[in-house]
Structure formats: C-alpha cells, structure tokens
Amino acid sequence: MTHNEFYPGKFSEIQRLNNEFVVLTDNQCAIKISVLSDHIIRIRYSTDGHFEHDFSYAISNKFVPITENVEQKIHLDHIEIVTNAVILHINKLDSKLTFTDIAGKIICRDERGFHWEEHRQYGGNVVKMSKVVKEGEHFYGMGDKTMHLNLRGRRVTNWAMDTYGFKKEEDPIYKAIPFYTAIHSEIGYGIFFDNTFKAHFDFGSERRSVTSFWAEGGEMNYYFIFGPELIDVTRRYTQLTGTPELPPLWSLGYQQSKWSYYPHTKVKEVTNKLRSNLIPCDAIYLDIDYMDGFRCFTWDKEKFPEPKAMISELKKNGFKTVVIIDPGIKIDENYAVYNEAIENNYFCRRADGPFMKGKVWPGDCYFPDFTNPKVRKWWSGLFQELIEEIGVRGVWNDMNEPALFEINGKTFPDDVRHDFDGNPCSHRKAHNVYGMQMARATFKGVKKYNSGQRPLVITRSAYSGAQRYASAWTGDNIASWEHLWIATMQCQRMSTSGFSFVGSDIGGFIDHPTPELFVRWMQLAVFHPFFRTHSSGDHGEQEPWSFGEDALKIVRTYIELRYTLLPYIYTAFHQYVNEFTPMLKPISMFDQSDQDTLYRVDEFLMGDHILVCPVLEPNAKSRYVYLPKGKWYNYWTNKVFEGGKEILAEAPLEQIPLYIREGAVIPFYPVMQYVGEKPVDQLTIKVYYGGESLNSYLYEDSGDGYDYEKGIYNRKKFKTQSTPTSFKMSLKTNGHYEPSYSTYKVVLFGLPFLPSRILVNDKEMDINSKYIENQSLVFTTERMSFISLEVFK
C-alpha cells in the first residue's frame with residue numbers, strides 16, 4: 001500500500017503564538033507544535049493545513065501547561081525549538097523531527113516520520129509515524145498487554161476487545177492505552193499517541209531498526225514526554241491524563257466475588273464463614289444474577305426479596321456490597337430504564353437510523369451512547385435507588401468494551417453513530433472510549449448518591465485517562481501458572497501506563513486452581529492495589545477455605561499481612577494521586593542504569609520500599625531473585641543482602657520472597673477483620689538500618705469522606721541516616737488529622753553495633769530493657785511527642 005503514501009514535504013514557513021508553533025510545508029501540510037512543559041511537547045499534523053476541533057477524553061482538565069524561556073532558533077538547514085530540557089529539531093528539507101537533550105544527545109528521531117494514505121473504504125486518512133530504534137533501545141507500557149514487559153521486537157494493537165480466556169501473547173484484549181516508554185543509553189522518554197481509532201504499534205518487529213505507530217483514522221496527534229528517568233516519564237504522562245480521587249480505605253482491603261453469589265442466604269453464608277474463619281474481608285460482590293432477568297438497576301425479588309435489609313445486615317458485619325452493572329439495556333416495554341432511554345433518544349443508532357441492537361445477558365438489548373453528556377447525566381441518576389436508598393457502596397462495570405454475543409468482531413459494527421461530546425462520529429472512533437465513558441458516568445452517579453462517602457467503581461475496558469474514574473481488573477483470566485505470570489506482567493504494565501488501581505481475579509476466573517496455585521496467587525495479589533478473588537461458579541468453589549486447612553492458614557496469613565500493610569499501601573496510593581508515581585514499579589524503574597534490570601519482569605516494587613518477588617512456577621522451594629542496587633532486608637529473616645546481583649531465595653509454599661530497602665520506615669496497622677472494625681490504638685513502625693540517608697512517608701486521613709480536601713490529613717516524613725557508629729531517625733508531620741492511636745511501637749532492625757546511648761526526643765533511654773538479642777531495638781513512645789530517635793555505638 002506504500003504506492004499511495006504522502007509526506008509533508010519541505011519546510012515552507014513557521015508561525016509562533018506564545019509556546020505554540022505551526023510549521024507549514026510545500027505539500028499543504030501543517031505541523032502544530034505545542035510546548036506544554038520543559039519535558040512535554042505535543043505534535044499534531046494536518047494533511048491539508050486545517051486542524052480539526054481539538055478534543056480529547058484522555059487529557060485531564062487539571063493539567064496546566066507550565067513553560068518558561070521557550071526559544072526558537074532558525075538555522076540554514078533546520079529550526080530548533082528549545083526548552084530547558086529538550087531541543088526539537090525540524091529539518092527544512094523533509095520536515096522530519098528530532099528530539100535531543102540540551103547537550104545535543106539524540107533521544108528520538110523520525111525515520112520516515114509522518115506519512116499518510118487515504119482510507120478508501122471510510123474516507124479520511126490512515127495516519128502513520130515511524131521513528132528510528134536506537135542501539136540497545138527497550139520499550140515498555142501499552143496497558144494490559146499479555147506479553148513480556150519489554151516490547152522490543154513486538155507488534156501490538158490498540159482496540160478494546162472482550163477476550164474470554166485470553167492467552168499469553170494474545171492481543172488485543174480489554175484495554176486500549178496508547179502510551180509507551182522507551183530507554184536507550186540510560187535516557188528514558190515516552191510517546192502518547194492520543195488517537196481513539198484502532199491503532200497499531202510496531203517496536204522493531206517488521207524492521208529491527210524502526211518503531212512505528214499508525215491509526216486507521218483521525219489525526220496524527222502525539223505527545224513526546226522526556227524523562228530522562230523512566231519513572232518521570234510515567235509521572236508526566238499520568239499528570240497529563242490524570243489520577244483518581246483517593247479511594248475509600250476499605251477498597252484496598254480484601255474483596256470476595258463470584259459469578260454468582262445467590263440467593264441472599266448464600267451471600268449470608270459466605271460472609272458469615274469469612275468472619276467465622278477469621279479471614280479479613282471488606283467487600284462482597286453480586287454478579288448479574290442479582291438482577292431481574294439481567295435488567296440493570298433491578299432486583300430479582302425471589303433471590304433477593306429484601307436487598308436493603310440484606311445490605312444493612314452485611315454492613316453491620318463489616319461488609320460493603322458491590323454490584324455489577326453492564327451497558328446492555330433489555331428491550332422491554334415494561335422496563336422503566338428502557339422506556340426512559342427510548343423517550344429521550346439515549347440509545348446508540350446505526351448509520352441509517354435504527355437502534356444498535358445486540359445480544360448480551362438479558363437477550364436483545366439496546367445500548368446507551370455514553371459519549372453523549374446528556375446520556376451520562378441520565379445514567380448517573382439511575383444509581384440513586386441502588387446507592388442512596390438500598391445502600392450499595394460500589395459498582396462494577398463489565399462488558400463495556402462494548403462486548404456482544406453472536407456478532408462478528410464481538411462488538412458494535414463500524415457504522416454505529418456516537419455523539420462524542422458534540423463531535424459526531426462512528427464507532428470506529430468511539431469504540432475505545434465507550435467503556436471509559438460508561439465508567440465516568442457510573443462514577444459520577446455513585447459519588448453523587450453516596451452520602452459524602454468515596455465511591456468505588458471498577459471497569460473492565462479502559463482508554464488513557466479512565467484511571468480518573470475507576471479501578472480495573474484484568475478480565476476473564478484462567479486458573480493456570482501461565483496466567484499467574486500474565487497477572488504480574490499486566491499489573492506492572494498498567495501501573496507504568498498511568499493506571500495503578502488494578503488487580504487480577506485471584507486464582508483465575510476460568511477453571512479451578514490447585515491449592516498451591518491459589519496460595520501463590522494470593523501471595524502476589526496482596527501487593528496489587530485492587531485485591532479481589534473472583535471466579536466462575538461453573539468451575540468450583542474459590543473461597544479461601546476451599547483448598548484445605550493448610551492452604552487456608554497460609555492464605556489467612558497473607559490477607560492479614562495485607563491489612564497490616566494498609567497504611568503503607570494507602571500512602572503509596574496518595575503518592576500516586578498527588579505525585580503521579582506508579583504504585584507498582586518494575587525494577588527497571590528503580591535503577592535504569594543497571595542494564596540487567598531492563599530485562600527483569602519477575603520482581604517489582606510496591607510503593608517506595610518493598611520489593612516483591614512472586615513465585616510463578618509449581619513445586620518451587622526457592623527462586624532466583626535479582627536485587628537492585630543498595631542493600632535489602634529479607635522481610636522474613638531480617639538478613640541483609642547486597643543488591644546489584646542475583647541471589648537464590650528460599651521460597652517454601654508459605655513464603656513469598658519479600659525484601660525491604662535499607663533505611664526504610666514501614667508503618668503497620670494491627671490485624672482487623674475489616675477496615676474500621678476497631679480503632680487503631682497503636683501504630684507499629686518497622687525501621688531498617690542502613691543507607692546514608694532515605695526518606696519514607698506516611699499519609700493518614702479518616703479513610704473515607706472528603707475532610708482531607710479541607711486539610712484534615714497528616715503527611716509524615718521519616719528521614720533515616722545511618723553510619724557505622726550511629727543511626728538517626730527524624731519525623732516531621734504536616735497536617736491537622738488526629739488519628740485514633742496514641743503510641744508508636746518502634747522496631748529497629750539491623751543495627752551492626754551494640755548501642756551505648758539511645759536518645760528519644762533528646763532524652764536518654766534505659767538500654768537494658770530495650771535492646772534485644774537479635775539486634776532489633778523495640779520501644780514504645782507517645783505519638784504526640786515523638787520527633788526523633790538517635791542510637792550511638
């Protein structure tokens with residue numbers, strides 16, 4: 001098809017308005033260059049000199065461009081646009097672009113650059129971009145792809161698809177996030193291709209020295225994001241596309257789900273058994289069988305005769321109820337939701353006028369056009385009864401790719417029309433954002449009627465920016481060791497793609513796990529932000545007690561560990577929301593200067609300081625672990641290991657290899673059966689000697705509601721400093737929140753010397769009663785007064 005391709009041609013002129021530049025070429029092409037910050041430059045191409053209305057669902061309305069001192073320099077053969085971090089070079093001969101750092105080192109440059117061909121079937125253009133792959137370059141990101149984290153040599157497609165029982169390497173699946181990061185020569189950068197049409201990315205697959213991306217319609221519109229640190233690339237992309245609100249603390253606890261728990265007596269049985277087995281749990285899920293004939297916003301009165309009373313009773317037992325809502329609305333003239341949508345023309349239509357009809361769980365259905373703001377407002381209002389009157393606390397959006405039964409392509413035909421917020425288009429353009437806009441409308445409704453409490457929304461489909469409205473799970477996975485590996489790939493990849501609040505169906509949705517597989521999956525999932533067991537009832541029971549007493553003991557221990565780590569995980573979430581830092585970090589993000597980390601996928605960091613090394617193979621008694629630079633404490637033994645190399649870690653079934661960074665301070669809650677079961681009366685702080693200096697953080701607020709927006713929160717900064725003969729820790733608190741606990745229990749691990757003096761808040765302590773033989777120092781101190789600890793040899 002290359003014989004019909006067109007190129008911008010030679011540079012003709014450049015125009016400037018503030019930090020926006022327009023380059024005109026001799027082929028009537030225009031290149032609009034917007035400098036959004038020193039590190040983010042947006043590039044748009046028009047093939048006829050005229051730009052379409054500038055509209056994006058992905059970009060956060062909270063993102064504010066900040067630039068200073070942008071220079072334009074005109075040379076004989078090229079033009080330079082210069083920020084404090086990046087220089088964009090525009091070649092006058094062919095209008096190709098090259099991005100360099102201030103020192104002139106090439107970060108990314110066009111190969112063939114922008115080119116296009118006319119789309120003969122639909123009109124418009126297929127827009128294409130190709131860039132040079134640098135020697136030793138690696139590529140990451142792209143959302144929920146099921147392959148190795150490092151995408152070098154791969155080709156992937158951006159098109160949200162219901163892919164039941166997906167396999168390793170299968171593509172595309174549920175989410176469409178057109179953002180990748182790259183690194184070469186220790187320089188990291190990223191490309192966000194904000195085009196909602198079906199798109200393709202080639203990372204040196206067709207031609208080893210070329211990476212390319214192209215879309216089957218729309219505009220060549222991408223954001224170049226410079227690091228040079230990979231983590232800063234992700235942070236800047238996340239700032240651009242937004243973060244969610246802080247979630248309710250309970251939503252970071254354990255959640256139990258199944259297709260399906262019914263009738264109401266079964267729900268009561270499962271929740272009572274969770275409590276009697278002392279398995280901490282905060283949420284119970286109701287799948288599609290709670291509805292009357294799968295009609296959304298209804299209840300099956302035989303299975304659930306008194307849902308309000310049931311949910312109230314569950315609440316008294318510490319359980320929040322989450323229900324599923326799908327987009328398909330049953331065609332039924334006796335169904336109020338259907339009639340309202342018909343009367344107001346809220347359903348999607350085919351090109352020639354008929355409603356878009358498709359089969360899903362209720363049978364024949366029509367589908368709301370969530371890209372229409374009037375429809376979103378109506379949809380939000382439908383949640384009033386579920387949330388405000390009945391007491392549901394969270395909503396789970398499924399089937400929103402959108403998915404259909406019995407239709408080629410498993411989704412809407414291309415000719416279906418959408419409003420696209422006043423930019424009318426076909427499903428070719430709206431498909432990838434359909435699920436995101438459904439989640440957006442759901443979020444607004446749940447929040448509106450939730451009595452000032454924070455909402456929980458879960459989505460299966462997503463486009464860039466969907467993280468502002470919902471958490472996500474990875475879809476209909478399989479109970480297999482391969483899928484355990486896929487789960488850790490997907491959650492790391494999603495996190496580095498700006499979407500941290502993610503998890504997998506623990507144990508697998510399809511088929512039934514062995515006790516060993518379920519245990520290993522639970523050990524991994526404890527360190528994923530969204531923490532839920534979900535399964536298809538066709539394949540057997542998947543509650544924690546379903547795998548025998550030995551497995552139950554281990555699983556209970558790890559769910560308890562999750563609850564004790566909630567202050568650490570909640571702090572990581574706060575950093576994600578406010579500092580745009582991914583909650584899960586591949587070790588390549590921790591130390592990109594170490595070439596060995598660029599290939600590693602089996603280890604990742606949760607938050608700042610905990611290195612998680614899941615066991616991904618059966619019958620394992622140990623596994624090799626790569627420790628990044630620095631020293632690391634084995635969490636279970638407190639033995640210290642030097643990083644920057646691979647070690648053999650013990651991994652009996654009851655133990656996942658876990659390591660804590662030297663110098664870290666990790667806060668722990670007491671075990672509870674659910675968040676808020678009882679006041680936290682003491683906060684345990686585990687402190688790990690080592691490293692010259694390291695900061696750790698603790699964020700606290702009420703865990704629900706919005707008082708934190710009024711300044712009622714605490715952000716605590718712990719700073720540790722270690723030398724061969726001393727250890728110091730200081731604590732600074734900012735904020736106005738009054739926690740329930742009155743004391744800290746401080747446990748200091750790894751002192752390499754016997755202390756002769758210990759000072760707490762400059763007052764000397766009695767050493768004999770505090771120092772323990774295994775070289776850990778344990779003491780209790782008042783919360784209100786504690787600001788420093790000093791230990792001397």
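This is a predicted model: local features need pLDDT of at least 70, side-chain atom pairs count only at pLDDT 80 or more; totals for chains, interfaces and linings use all residues.
Buried here means under 20% relative accessible area.

In a regular strand the side chains alternate between the two faces of the sheet. In E10 both faces are covered. Asn125, Val127, Met129 and Lys131 lie on one side, while Val126, Lys128, Ser130 and Val132 lie on the other, and all are buried.

## Pairing of E10

E10 pairs with strand E9 (residues 106-118) in the antiparallel sense, over 7 bridges. Within this pairing, Ser130 of E10 is the bridge partner of Gly113. The two strands, E9 and E10, form a hairpin with 6 residues between them. Gly123, in the turn, has a positive phi of about 80 degrees.

E10 is also joined to strand E17 (residues 210-215) by 6 bridges, and these two strands run antiparallel. Here Val132 stands opposite Val210 in E17.

## Nonpolar cores

The largest nonpolar core has 200 residues. Those touching the most other members are Trp299, Ile325, Trp379, Phe383, Phe527 and Leu789. Helix H7 (residues 427-448) gives the most to this core, with 9 residues. Apart from this core lies another, of 48 residues, among them Ala85, Phe114, Val127 and Leu151.

Leaving aside residues up to four places away in sequence, Trp379 touches Phe297, Ile325, Asp326, Ile329, Pro368, Phe370, Met438, Ala441 and Thr442.

Technical notes. Residues are numbered from 1 along each chain as its sequence is written. Side-chain values use heavy atoms; hydrogens and water are left out. Buried means under 20% relative accessible area, exposed over 50%, partly exposed in between (1.4 Å probe, protein chains only). Helices (H or I, at least four residues) and strands (E, at least two) are DSSP runs, numbered from the N terminus. Two strands pair if DSSP finds at least two bridges between them. A nonpolar core is a set of buried Ala, Val, Leu, Ile, Met, Phe, Trp, Tyr and Cys residues joined through side-chain atoms within 4.5 Å. Contact means heavy atoms within 4.5 Å.
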